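Thanks for coming. I have one structure to go through this morning, so please look at it while I talk.

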Amino acid sequence: MDPCDHCEEVMQPYLDRSLSVDERVSVETHLASCPWCTNRFRFEQELRGYVRVACSEEMPPGLKAKLTALRTPLL
Amino acid sequence: MSETDTEGRRIAKEARERVRFEEEALGLSDQVFRVARGLVNSREEAEDLVQQTYERAFRSWRSFTPGTNLRAWLLRILTNLNIDRARRMQRRPMTQPMEEGDYFLYNKLEESAGRPLEEERVVERLSQDDVVGALSAVPHDFRDVLVLVDIGDFSYQDAAQILDIPIGTVMSRLHRARRVLKQELAERAVEAP
């Protein structure tokens with residue numbers, strides 16, 4: 001398989017940190033010499049970070065009090 | 001020691017354990033809310049879902065095994081409640097995502113930028129609303145996994161346990177969810193002026 005195709009295939013598990021050490025080293029070796037794949041990885045990584053930030057809404061201020069009120073009262 | 005004493009101690013011990021459980025659970029509420037917000041389409045729905053989750057958690061606290069992952073336990077309640085809710089609302093049936101390559105969004109953004117993407121932070125071309133809108137368009141079976149792993153930061157293993165599905169299913173749904181999300185983002189990026 002073309003090394004860039006292989007790289008693309010393992011990109012998501014790589015970013016999920018679920019590759020074995022050997023697999024990871026082989027990806028990193030390829031990345032070190034391939035600007036195209038480096039860009040692709042950077043893009044996917046940035047995208048993930050961005051989705052996480054964009055979707056992270058602070059808890060509404062009143063909610064904690066409502067949840068606390070749900071506790072079983074002490075006798 | 002009399003029997004009443006023993007019973008009194010037992011009750012006191014249980015009350016202490018319950019209080020500890022409730023405090024620990026409340027301490028995780030902002031994280032639980034964040035996941036809830038990713039799973040549903042509005043802040044109000046997320047608030048309702050979190051409240052229902054805590055009602056149920058406080059009621060069935062005895063079924064939690066101390067020393068195990070409380071955040072995962074709470075989110076298991078939350079995702080189950082959300083599945084019931086989705087059924088009640090008869091949300092649109094899960095659609096098969098278009099099988100397009102993962103390059104799709106990348107190419108689209110590159111095209112609209114008119115130059116290779118290396119020089120700028122491309123994802124900043126997408127607004128927060130684009131991302132929230134795109135996420136809510138992901139069919140909910142896929143979205144659950146995506147939110148747990150990519151927003152809640154759970155491992156595949158934890159997500160499998162929370163959703164009560166095999167780890168292989170977590171991985172395949174995650175793969176599809178990310179694709180659908182990117183396709184939705186690409187559509188929004190194209191719509192932008």
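I will start with one residue, B:Val147, which has a relative accessible area of 0% and therefore counts as buried; buried means under 20% relative accessible area, exposed over 50% and partly exposed in between, with a 1.4 Å probe and protein chains only. Before going on: this is a predicted model, in which local features need pLDDT of at least 70 and side-chain atom pairs count only at pLDDT 80 or more, while totals for chains, interfaces and linings use all residues. Residues are numbered from 1 along each chain as its sequence is written, chains are lettered from A and ligands numbered from 1 in the order in which they are written, and side-chain values use heavy atoms, with hydrogens and water left out.

Back to B:Val147, which sits in helix 7 of chain B, residues 140-151. Helices here are DSSP runs of H or I with at least four residues, strands are runs of E with at least two, and both are numbered from the N terminus. What does B:Val147 touch, not counting residues up to four places away in sequence? The list is B:Val35, B:Gly38, B:Leu39, B:Leu135 and B:Gly152, where contact means heavy atoms within 4.5 Å. Take B:Leu39 from that list: B:Leu39 and B:Val147 are 108 residues apart in sequence, but their C-alpha atoms are 6.8 Å apart in space.

Helix 7 of chain B as a whole is mostly covered, with 11 of its 12 residues buried. Among them are B:His140, B:Arg143, B:Asp144 and B:Asp150, as well as B:Phe142 and B:Ile151. After the helix comes B:Asp153, with a positive phi near 65°.

Next, B:Arg37, in helix 2 of chain B, residues 29-39. B:Arg37 has 12% relative accessibility, so it counts as buried. Leaving aside neighbours within four places in sequence, B:Arg37 is in contact with B:Ser42, B:Arg43, B:Ala46 and B:Val132, and also with A:Glu57 from the other chain.

That brings me to the two chains together. Chain A puts 36 residues into the contact and chain B puts in 42. Between them they bury about 3900 Å², 60% of it on carbon and sulfur atoms; buried area is the accessible area, with a 1.4 Å probe, that two parts lose on being put together, summed over both.

How many salt bridges are there between chain A and chain B? The count is 8, a salt bridge being a side-chain nitrogen of Lys or Arg within 4 Å of a carboxyl oxygen of Asp or Glu. A:Asp16 forms one with B:Arg178, and their closest N and O atoms are 2.8 Å apart. On the side of chain A that touches chain B, the elements giving two or more residues are helix 1 (3-15), helix 3 (35-54) and helix 4 (63-69) of chain A. Helix 3 of chain A gives the most, with 13 residues.

Last, chain A by itself. Its secondary structure comes to 4 helices and 0 strands. Why is chain A described as more spread out than a compact globule? Its radius of gyration is 21 Å, well over the 11 Å that the globule rule gives for 75 residues, so chain A is more spread out than such a globule. The radius is taken over C-alpha atoms, and the rule is 2.2 Å times the number of residues to the power 0.38. Along the principal axes, the C-alpha atoms of chain A fill a box of roughly 70 × 25 × 15 Å. Of the 75 residues in chain A, 40% are buried.
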